[in-house]
Amino acid sequence: MGKRVLLVDDDEKLRKLLKEYLEGYGFMVLTLADGDAVLNTIRKESPEIVILDVMLPKKDGLEVLKEIRAVSHVPVIML
């Protein structure tokens, strides 16, 4: 299987579209609808990159990014 990508976006259609697109290029895509489980997923799955939406429910992407940076140096692309 290809490199792991963690995609975090509350828009279900966009998540599905990006997942299918990236999987077509051989990536293994893990998806989350909000930022609550991001840290646990990073620890458990060790993705090579995170694609993170800025406007998430509960806590926004910038808050999630701060939490990620406190524990990991995984590259993050903000949407």
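Residues are numbered from 1 along each chain as its sequence is written, and side-chain values use heavy atoms, with hydrogens and water left out. Since the model is predicted, local features need pLDDT of at least 70 and side-chain atom pairs count only at pLDDT 80 or more, whereas totals for chains, interfaces and linings use all residues.

The secondary structure consists of three helices and four strands. Here helices (H or I, at least four residues) and strands (E, at least two) are DSSP runs, numbered from the N terminus. Read from the N terminus, the order of elements is β-α-β-α-β-α-β. Along the principal axes, the C-alpha atoms occupy a box of roughly 30 × 25 × 15 Å. The radius of gyration of the protein is 12 Å, which agrees with the value near 12 Å for a compact globule of 79 residues. This radius is taken over C-alpha atoms, and the globule rule is 2.2 Å times the number of residues to the power 0.38.

Contacts (heavy atoms within 4.5 Å) were also counted by separation in sequence. Among the contacts with a separation of 6 or more, 62% are between residues 24 or more positions apart. The accessible surface comes to about 5,000 Å², and 57% of this area belongs to carbon and sulfur atoms. Accessible areas come from the Shrake-Rupley method with a 1.4 Å probe; for residues, only the protein chains shown count as cover. Of the 79 residues, 34% count as buried. Buried means under 20% relative accessible area, exposed means over 50%, and partly exposed lies in between (1.4 Å probe, protein chains only).

In soluble globular proteins, nonpolar side chains tend to be buried together. A nonpolar core is defined as a set of buried Ala, Val, Leu, Ile, Met, Phe, Trp, Tyr and Cys residues joined through side-chain atoms within 4.5 Å. The largest such core in the model has 13 residues, of which Leu 6, Val 8, Val 38, Ile 42, Val 50, Leu 52 and Ile 68 touch the most other members. At least two residues of this core come from each of strand S1 (4-8), strand S2 (28-32), helix H2 (38-45), strand S3 (49-52) and helix H3 (61-71). The biggest contribution to this core is that of H2, with three residues. Val 38 is in contact with Leu 6, Val 8, Leu 32, Val 64 and Ile 68, leaving aside its neighbours within four places in sequence. Another core, of five residues, lies apart from the largest one; among its members are Val 5, Leu 7, Leu 22 and Val 29.

The structure holds five salt bridges, each being a side-chain nitrogen of Lys or Arg within 4 Å of a carboxyl oxygen of Asp or Glu. One of them joins Glu 48 to Arg 4, with the closest N and O atoms 3.6 Å apart. This pair links distant parts of the chain, since Glu 48 is in the loop between H2 and S3 and Arg 4 is in strand S1, 44 residues apart. Glu 48 is partly exposed at 34% relative accessible area, and Arg 4 is partly exposed at 24%.

A salt bridge also forms between the side chains of Asp 36 and Lys 58 (3.0 Å, N to O). The two residues are 22 apart in the chain: Asp 36 is in the loop between S2 and H2, and Lys 58 is in the loop between S3 and H3. Asp 36 is partly exposed, with a relative accessible area of 42%, while Lys 58 counts as exposed at 68%. Not counting residues up to four places away in sequence, Asp 36 touches Lys 58 and Lys 59. Lys 59 in turn forms a salt bridge with Glu 67, at 3.1 Å between the closest N and O atoms. Lys 59 is buried, with a relative accessible area of 18%, and Glu 67 is partly exposed at 27%. Salt bridges with shared partners join Asp 34, Asp 36 and Lys 58 into one network.

On the surface, Leu 14, Leu 17, Ile 77 and Leu 79 form a nonpolar patch with about 340 Å² of accessible area together. Patches are made of residues with over 30% relative accessible area and no salt bridge; like charges are joined within 9 Å, and nonpolar side chains (Val, Leu, Ile, Met, Phe, Trp, Tyr) within 5 Å. Leu 14 is located in helix H1 (residues 12-24) and counts as partly exposed at 31% relative accessibility.
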